[in-house]
Structures are given as structure tokens and as C-alpha cells.
Amino acid sequence: MEKYKYKMGKRKLCVSLLAACALMACTSTQENDGSISVVKDADNHEITVCDVSKVKDTLTIPLSEWVESCKLVRFENSDTALFKFWWPIITDNYIGIRPRKGNFKLFNHDGKFLCDVGRVGNGPGEYAGTLNSEAIDENNKVIYLANFFNSSKILKYNMDGTFAGEIEIGEPLNKPKLTLHEDGSLSLIHLYFKQMNSILGAHISKDGTVSTFKPSESSTVFSEGEWMSFDHETWCYNNVPGMKMMFTYCDTLFSYNREKNQLEPEFALKGIPVEEQTYYIFNPLPHKYLTEIISKGTLITDMEKQKSYYVHLVNDFFGGLPLPGPYFTNGWFFAMYEPVQLMEKIERRLSESSCTEKDKEVLNKLLDSLDEDDNNVMFIGKLK
């Protein structure tokens with residue numbers, strides 16, 4: 001059998017997994033709806049596969065099925081606390097905000113502004129414009145930030161935002177993503193460009209020792225990726241232990257094996273009709289895989305229930321508000337709004353026939369508490 005390779009092409013989904021499914025025996029440990037199977041590649045890695053053509057159901061699911069609780073965070077209105085949102089990181093006690101431009105900001109769960117972490121600039125401990133990833137290590141009281149591109153360093157800060165040092169990786173990184181492990185070590189991955197890079201990623205031990213890793217010789221997803229550009233992304237959401245990542249237009253979710261210092265395939269899709277092919281984003285959650293299929297919807301492959309379905313998530317903690325995304329990162333659900341955006345969504349929900357009297361009571365109380373001139377607000381909830 002020809003060696004299984006993970007391929008992707010410009011604006012084209014890879015098809016290697018489809019061939020692998022035809023050639024490899026599929027196994028399943030229990031009854032399922034026929035959408036889930038397991039295949040093994042030539043290196044004996046098990047890959048969970050969802051056959052999209054067999055997914056028929058669309059379910060409306062309350063947020064309470066997936067998160068322990070939900071609260072609305074109202075971010076402080078002081079001038080130093082204001083931000084233009086891009087992406088958050090949420091931990092047990094902190095919320096870090098990576099803005100589109102400007103300094104990385106640290107808040108607590110009540111929305112109180114704590115500090116700017118570093119600042120934009122070209123001096124020691126400063127970052128040149130846009131950041132691309134972050135990690136907050138509460139146990140060891142440090143924050144890590146990674147530049148968008150053209151820096152070979154991961155910046156390290158104290159919890160008061162002051163500069164604590166930097167970690168040299170060895171070559172400029174392109175859209176790097178960071179994963180913090182329970183032992184305080186870090187892993188990172190970035191876009192690999194054949195003509196300019198020698199490493200695909202690195203592992204950084206708690207004491208700062210850096211171990212880099214290169215693309216696998218058996219994987220053409222990187223070695224033939226000359227077409228890859230900064231229009232592409234590296235996706236890594238850190239909702240489950242270990243580093244799970246993918247690249248835009250690749251059909252495979254990879255898991256980083258720290259012992260072997262390499263990426264291994266874990267999850268993929270098949271069965272998307274050629275005329276519907278688009279790109280999609282994998283986001284592993286506890287006991288399930290979430291796949292955002294652009295222009296089609298949110299697909300859940302539920303490993304406990306052994307079934308797959310499309311999902312509409314509603315915030316039953318707050319009057320059944322429909323939720324965007326859905327968005328999950330670092331083990332937390334979030335939904336960020338400018339106050340006027342949330343006010344509009346509440347008013348639309350209030351006008352729906354499915355809005356109960358109890359929902360209306362909750363929503364009207366929330367609506368009365370919002371001011372369109374305030375800083376952003378955000379729903380958060382920890383994943384079960």
C-alpha cells in the first residue's frame with residue numbers, strides 16, 4: 001500500500017483521507033449513526049472520521065448542556081480599559097484581551113481592568129503591532145505573548161504586565177499558536193514556508209529549554225506547501241489537553257505527540273460533495289469534535305453519543321438568546337458584543353413567538369442594564 005500522506009492544495013480540500021478510508025478497514029467500538037468511523041494510516045495512527053454525507057439532523061441545544069454556568073462580564077469603562085476586540089483568553093481568574101491593535105489587556109472576571117501586558121513598540125519587551133497568540137499560566141504567574149510574524153521570540157511577562165524575559169526559538173515565526181500544558185511547559189506551531197523555514201514548531205520546557213521539530217518526511221502537507229501564504233491560518237483552540245491543531249484548507253486535525261516530538265493525525269471529514277466543498281475549522285471539545293463548516297454551519301461529532309449533527313446553540317441562562325459561532329477557547333465558551341449589538345439581539349429575541357414570559361423577564365432586565373456608550377460585554381462559561 002502506498003504510504004498515506006496528508007495533502008492540501010491551493011483553494012482545494014485534500015482528498016487523501018478519502019482514499020485512506022477506501023483502503024483501510026473501518027472500526028467502531030459501539031453502535032453509532034453511521035457517520036463515525038476509525039481508520040489507521042500507514043504509521044498505525046488511529047484517525048476518527050466523520051462522514052458528512054450521513055449527517056442529517058440539526059439540533060437546537062441549550063448552552064447549559066455544555067457549560068457549568070454563564071455570566072455576563074461588563075468590562076470597565078475607563079480610558080485605559082477600552083479596547084477594539086479581536087480575541088480573548090479566559091482562565092479561572094483572568095480574561096486577557098488581544099485587541100486588533102494596541103496593548104494586550106488583562107482583566108478579572110468582574111471586568112475590572114488590571115493592567116496592560118507589555119506594549120506596542122520596538123524596544124525590549126515590546127511587540128511590533130499585532131499579536132497572534134497568548135497563554136496565561138496562573139500557577140506560575142506568567143503570561144506569554146507571540147507576535148503575528150517576523151519574530152523568533154516568545155515574550156514573557158509577570159502578572160502585573162511587566163517584562164520578564166523572552167524565549168528564543170531560532171527562526172522567525174509566522175502566525176504562531178501557543179499551547180500551555182499542565183506542567184507549565186509550552187508548545188507552539190506556526191505556518192511553515194518551504195523557502196524560509198526549517199522548523200514547524202517547538203516545545204518549551206518549564207525551565208525554558210527549547211526543542212524544535214520539523215515537518216515529517218511522510219507528510220506533504222508542509223513540504224509541498226509552497227503556495228501557502230499569510231491568507232492561511234493555524235487553528236489551535238486549546239479546549240482539551242495537549243496541542244490539537246490544523247491549517248486552513250487541510251482536511252486533518254493533528255495532535256502534537258510530546259514524547260515523539262511530532263504531529264500525528266487525529267480527526268478528519270469525508271463525504272462533502274464536490275460542489276459544496278469549502279474550508280472548515282476543527283475545534284476539539286471534551287468528548288466531541290466541533291467543525292465550523294464555512295457557509296454550511298456548525299457540525300458536532302459526539303464521541304459519547306456516537307452520532308453527528310448540526311447544532312444551533314442558545315443561551316438558556318439568558319432568555320434563550322441565539323449564540324454566534326459557537327466560540328470556545330482555552331476550555332471556556334465566550335460571546336463578545338458591543339452593548340448596542342447585544343441590545344439589538346435582545347430586542348429581536350423579545351419579538352420571537354418562542355420567547356416565554358420567563359425569558360422576557362430575564363431579557364428585559366438585561367436590556368435595561370445596558371448602555372450603548374459602555375465598553376464591550378461578554379458572556380463566559382466554563383466547559384463541562
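Modeller: Gladly, keeping in mind that this is a predicted model. The second largest pocket has a computed volume of about 770 Å³.

Biologist: Which residues lie nearest the centre of the second largest pocket?

Modeller: Its lining counts 29 residues, and those nearest the centre are Leu180, His181, Glu182, Asn238 and Asn330. Two or more lining residues come from each of β5, β11 (131-137) and β15 (177-180), and β11 gives the most, with four residues.

Biologist: And how does that lining divide by class?

Modeller: The lining of the second largest pocket has eleven nonpolar, ten polar and eight charged residues.

Biologist: What about the volume of the largest pocket?

Modeller: The largest pocket has a volume of about 1000 Å³. Of the 41 residues lining it, Phe85, Trp86, Trp87, Tyr327 and Phe334 are the closest to its centre. Strand β5 (residues 85-90) supplies the largest share of this lining, five residues, and by class the lining of the largest pocket divides into 21 nonpolar, ten polar and ten charged residues.

Biologist: Changing topic, where is Phe213?

Modeller: Phe213 belongs to strand β18, which covers residues 210-213.

Biologist: Why does Phe213 count as buried?

Modeller: Phe213 counts as buried because its relative accessibility is 3%, and buried means under 20%.

Biologist: What does Phe213 touch, leaving out residues up to four places away in sequence?

Modeller: Phe213 touches several residues, including Leu188, Ile189, Met243, Tyr256 and Leu263.

Conventions:
Residues numbered from 1 in each chain as written. Predicted model: local features only at pLDDT ≥ 70, side-chain atom pairs only at ≥ 80, totals over all residues. Heavy atoms only, no water. Buried < 20%, exposed > 50% of the residue type's maximum accessible area, 1.4 Å probe, protein only. Contact = heavy atoms within 4.5 Å. 1 Å grid on protein atoms, 1.4 Å probe; cavity = no way out; pocket = protein on both sides within 12 Å on 5 of 7 lines; lining within 4 Å. Points joined across faces, edges and corners; volume = space filled by probe spheres on them. Nonpolar A, V, L, I, M, F, W, Y, C, P; charged D, E, K, R; others polar.
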